[in-house]
Amino acid sequence: MQRILAIAGLTWKAALRFKLFLVIAVLLILAVVGLPLIIKDDGTAQGFTQIILTYTLSAITALLGLSTLWLACGTLARDIEECQIQVVVTKPVARWQVWIGKWLGIVSLNVVLLAISGGCVFGLLQWRAGKLPAAEQKILREQILVARGSAKEPNNPAAIDADTDRVLQERLKSSAVEKVDLPEVRKQIREQVKAALQIVPPGYERSWKINLGFARDRLAGKPLQLRVKFNSAQKSASGTFGALWMVGDPPKTKYWQTEAPMSLAPDTFHEFEIPPDLFDANGVLTITFANPNQTALLFPLEDGLEVLYPEGGFGLNFARGLGIIFCWMALLAALGLLAASFLSFPVATFFALALLLVALSSGTLAESVESGSVAAGNEETGQAGYSIADIVLIPAFKGVLAVISLVKNYSPIDALSSGRSITWGELGSAFAQIILLVGGAFAVAGMLLFNRRELATAQGTQ
Amino acid sequence: MPAADSNLQSNGEVVVSVRGLTKVFKDFWNRPKARAVDGVDFEVRQGEIFGLLGPNGSGKSTTIKLLLGLLNPTKGHIEIFGHSPRHVQTKSRIGYLPEESYLYRYLNSRETLDFFGNLFHLDKADRNNRAEQLLDMVGLGKTQTRAVGEFSKGMQRRIGLAQALINDPELIILDEPTAGLDPIGCREVKDLIIALAKRGKTVILSSHLLSDVEDVCDRVVIYYGGKIQANGTLKELLAKPDSLRITTPVLSRETLEKVLATIRHDISTGEVRVDNPTQNLESYFLDVVAKAKLAAHETSGAQSGAKVAEYLRAGGDAQQTTEKVLGKLSLPQAAPIEAPKPASKTIAPGADENKLAELVQPTAQPAKPAPKIEAAKPVDLSRADEKLSSLLGGKK
């Protein structure tokens with residue numbers, strides 16, 4: 001461990017002596033303090049706080065991410081190019097220890113920089129919240145500066161697939177479909193099945209049964225919040241649509257309902273409070289929406305309706321959010337070191353940035369996987385072309401997407417800016433998936449490549 | 001004077017064994033680009049100072065990098081202390097000074113030694129103690145807090161040498177150790193190498209400077225084009241068995257002519273040469289600097305260390321080294337600096353009669369008598385003894 005810590009300490013000394021630490025810290029603090037001065041908000045305290053959280057945390061993630069990647073590529077690749085590594089590895093230190101030492105140095109730098117910038121964001125929010133009138137402060141502390149648990153109706157893709165297959169079989173019995181058209185027909189039927197679950201036609205109602213699980217025991221006597229979002233194919237003159245709600249399942253439970261239709265805008269999230277104790281003995285909360293409008297409304301399966309309930313304080317939740325950002329940084333450090341294990345500094349940086357861009361724009365890969373082909377569709381027939389490349393690339397894309405989803409499944413910035421709880425379980429799972437699983441794979445590959453590499457082929461460039 | 005003359009341990013265990021070593025550098029498409037080392041075989045035994053000699057690009061540094069596991073051999077076999085060069089624990093027995101001082105420029109000299117001490121798992125007290133001694137030894141005791149990046153090349157070599165010795169290694173591999181050093185530094189490094197070998201350390205030295213190798217090495221291999229062209233002890237390689245050199249104090253003309261007459265009785269005149277031996281430039285330079293130092297002229301940068309770190313001296317045979325270094329130091333300093341006048345004559349094949357006449361002139365007509373060697377000796381010996389004392393920590 002002494003050897004690993006000595007190498008980690010070297011990264012610290014380099015960062016301090018070359019003033020890298022100072023420059024990044026100043027940039028981060030400027031981003032945290034400066035962004036609130038130039039960004040526009042909706043005029044409410046909640047809106048402003050949400051925007052501060054979103055922008056500052058995004059800026060911290062971007063700045064730290066890029067500096068981490070650059071530093072990780074540089075710390076190893078430049079040691080190899082400038083030949084210092086030749087003196088290090090001729091000492092009794094295994095190459096994997098050099099690799100881990102470098103990673104640990106970068107990661108510990110990130111911990112400190114993240115703590116400084118995160119502390120500034122937290123302090124800024126608390127300071128601003130303290131200057132608000134008591135009523136606004138109360139709303140802010142109930143909706144944003146809080147950690148709220150979330151419950152949704154289970155999204156059951158297996159049930160959707162089963163319904164899709166049933167409808168498809170019925171269609172095939174009634175009319176023949178060309179074999180090449182089958183995937184497209186199935187895709188359309190699946191959209192119809194999903195639409196049936198999401199759309200509430202005019203004059204109709206739709207119920208959600210949401211299980212609060214073990215949280216029910218702590219929620220007795222506490223008001224809950226509904227977070228809703230819907231879309232509409234048509235626009236209304238006022239820009240809003242009426243919404244009638246009933247929460248509870250009489251006579252099994254108490255219930256609450258809107259006296260008059262709520263006026264809600266489409267394509268945006270709305271939050272409103274509902275009275276306590278409306279769920280049944282099993283913790284199931286029944287929510288019914290009636291559509292009094294002349295047009296159908298669509299509640300997306302993913303985020304159409306959500307129940308939020310108080311779970312903990314903002315401080316710890318914020319720290320857990322930073323914890324997930326830290327996991328991303330640790331992964332970027334491993335990616336940079338992996339690239340530097342077999343490439344020169346500029347090429348390693350380019351390679352790592354290219355991989356990062358692919359990961360951030362995984363939508364194209366997802367589209368190819370969804371259409372089943374990497375080739376463009378035939379504009380006349382509307383069908384995608386299938387080729388031998390698809391046989392190789394589509395499974396590869398699926399694998400890449402699976403790995404990316406392990407990392408991208410976490411959204412601490414969204415959660416923090418909407419006052420939702422990031423649980424210890426989520427943080428643990430992020431650590432396991434991002435650092436141990438994906439980062440571990442990068443580390444093993446990096447160490448193997450570094451171990452095999454001839455370290456004396458470079459001539460010193462210092 | 002090569003260390004082999006007094007080295008009693010050169011028949012020790014094999015420390016480095018190289019058999020059929022070949023290194024071919026390849027391009028991106030795996031096509032052979034350069035055959036840097038080609039079928040090299042040699043062994044290095046404990047306590048030996050082994051020289052790799054050759055012109056630039058002959059394969060010396062590549063061989064060293066192969067020995068250290070920094071390059072992978074294309075063919076052949078290397079064993080260091082019976083293990084592969086990549087064996088991590090074996091590296092705790094090796095000290096390495098690369099051809100350039102590849103050190104972290106942002107660390108100061110003390111931090112540099114502390115960092116490398118950590119890699120050898122030395123505890124803090126040990127690291128501090130050794131760093132202190134090594135910095136004194138290499139003459140950087142007064143520049144401990146300056147970043148290595150600000151050092152001159154010579155100072156970087158000195159700190160590089162110090163890091164190579166932080167672990168008190170059994171095998172020291174020095175690639176061009178005197179490159180960039182001033183003559184005093186060169187001499188100190190060579191003295192240090194001899195002192196280390198006397199303590200049973202094995203030294204592998206790569207250099208294209210013939211004087212470095214000649215001064216310290218027991219055995220050498222001479223590289224050219226990646227192949228070993230010659231291999232053996234310096235005595236074996238340099239001795240001319242078909243000629244003889246006799247060195248004497250200055251002789252009177254009559255005595256000299258009697259000697260020459262006797263010699264000419266057996267061999268022809270053209271094969272006899274008589275001249276004055278000269279000291280080498282290094283010795284002369286060192287003497288000038290020593291005098292200047294006595295006159296207290298200040299210098300900036302590295303100081304002359306010339307004091308072997310205490311932990312490197314432990315357990316050694318101080319007396320043997322004393323004799324060895326005394327011999328090295330006293331010999332060139334025996335002649336006075338201001339007037340390097342003939343103190344002895346050498347008879348060797350190829351003598352010149354006119355030269356002979358010139359050489360005997362001072363004795364025949366002493367317009368200004370040459371200083372006697374006997375008179376100079378006490379001064380020189382005390383200086384040598386003083387240096388020896390500081391070098392090896394022996395009694396004055």
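The model is a predicted one. Chain A has 462 residues, of which 33% are buried, and chain B has 396 residues, of which 41% are buried. The contact between the two chains draws 24 residues from chain A and 26 residues from chain B.

- The secondary structure of chain A amounts to 14 helices and 12 strands, while chain B contains 13 helices and 12 strands.
- Taken along the principal axes, the C-alpha atoms of chain A occupy a box of roughly 80 × 65 × 40 Å.
- If one considers the contacts in chain A between residues at least 6 apart in sequence, 82% of them join residues at least 24 apart.
- For chain B, the corresponding share of contacts that join residues at least 24 apart, among those between residues at least 6 apart in sequence, is 78%.

**Where chain B touches chain A**

- The contact is made by 26 residues of chain B and 24 residues of chain A, and on the chain B side strand 5 (94–97) and helix 2 (109–119) each supply at least two residues.
- Helix 2 of chain B gives the largest share of the side that touches chain A, namely four residues.
- Sorted by class, the side of chain B that touches chain A consists of 16 nonpolar, six polar and four charged residues.

**The two domains of chain A**

- Chain A is divided into domain 1, which is made of the stretches 2–146 and 325–452, and domain 2, which covers 157–312.
- The centres of domain 1 and domain 2 of chain A, taken over C-alpha atoms, are separated by 34 Å.
- Where these domains meet, six residues of domain 1 of chain A are in contact with eight residues of domain 2 of chain A, and the residues on the domain 1 side divide into one nonpolar, four polar and one charged.

**A pair of packed helices in chain A**

- Two packed helices are described by the angle between their axes and by the distance between those axes.
- In chain A, helix 12 (residues 388–408) and helix 14 (residues 424–452) pack at an angle of about 145°, and their axes are 8 Å apart.
- The crossing of helix 12 and helix 14 of chain A is left-handed.
- Helix 12 of chain A contributes Val403(A), Leu406(A) and Val407(A) to this contact, whereas helix 14 of chain A contributes Gln433(A), Ile434(A), Leu437(A) and Val438(A).
- By class, the residues of this contact between helix 12 and helix 14 of chain A comprise six nonpolar, one polar and no charged.

**Two open sheets in chain A**

- Strands of a sheet pair through backbone hydrogen bonds, and the pairing may be either parallel or antiparallel.
- Four strands of chain A form an open sheet in the order 1-12-4-9, with antiparallel pairing, and its edge strands, each pairing on one side only, are strand 1 (147–151) and strand 9 (270–274).
- The twist in this sheet averages 35° from one strand to the next.
- Within the order 1-12-4-9, strand 4 (residues 224–228) and strand 12 (residues 305–312) of chain A pair in the antiparallel sense over four bridges, and Arg227(A) stands opposite Glu306(A) of strand 12.
- Another open sheet in chain A has three strands in the order 2-11-5, again with antiparallel pairing, and its edge strands are strand 2 (199–200) and strand 5 (231–232).
- Strand 2 of chain A is joined to strand 11 (residues 297–298) of chain A by two bridges, and Ile199(A) has Leu298(A) in strand 11 as its bridge partner.

**A buried strand in chain B**

- Strand 7 (residues 202–207) of chain B is largely enclosed by the rest of the structure, because six of its six residues are buried.
- In a regular strand the side chains alternate between the two faces of the sheet.
- In strand 7 of chain B both faces are covered, with Thr202(B), Ile204(B) and Ser206(B) buried on one side and Val203(B), Leu205(B) and Ser207(B) buried on the other.
- Strand 3 (residues 49–53) of chain B runs parallel to strand 7 of chain B and is joined to it by five bridges, with Ser207(B) as the bridge partner of Leu53(B).
- Strand 6 (residues 171–175) of chain B also runs parallel to strand 7 of chain B, joined by five bridges, and here Ile172(B) has Val203(B) as its bridge partner.

Technical notes. Residues numbered from 1 in each chain as written. Chains lettered and ligands numbered in written order. Predicted model: local features only at pLDDT ≥ 70, side-chain atom pairs only at ≥ 80, totals over all residues. Contact = placed C-beta atoms within 7 Å. Nonpolar A, V, L, I, M, F, W, Y, C, P; charged D, E, K, R; others polar. Domains from an automatic or database assignment. Axes fitted to C-alpha atoms, helices over the stretch in contact; angles between N-to-C directions. Left-handed = near helix turned anticlockwise from the far one by under 90°. Pairing = 2+ DSSP bridges. Buried ≥ 20, exposed ≤ 12 C-beta atoms within 10 Å, placed from the backbone.
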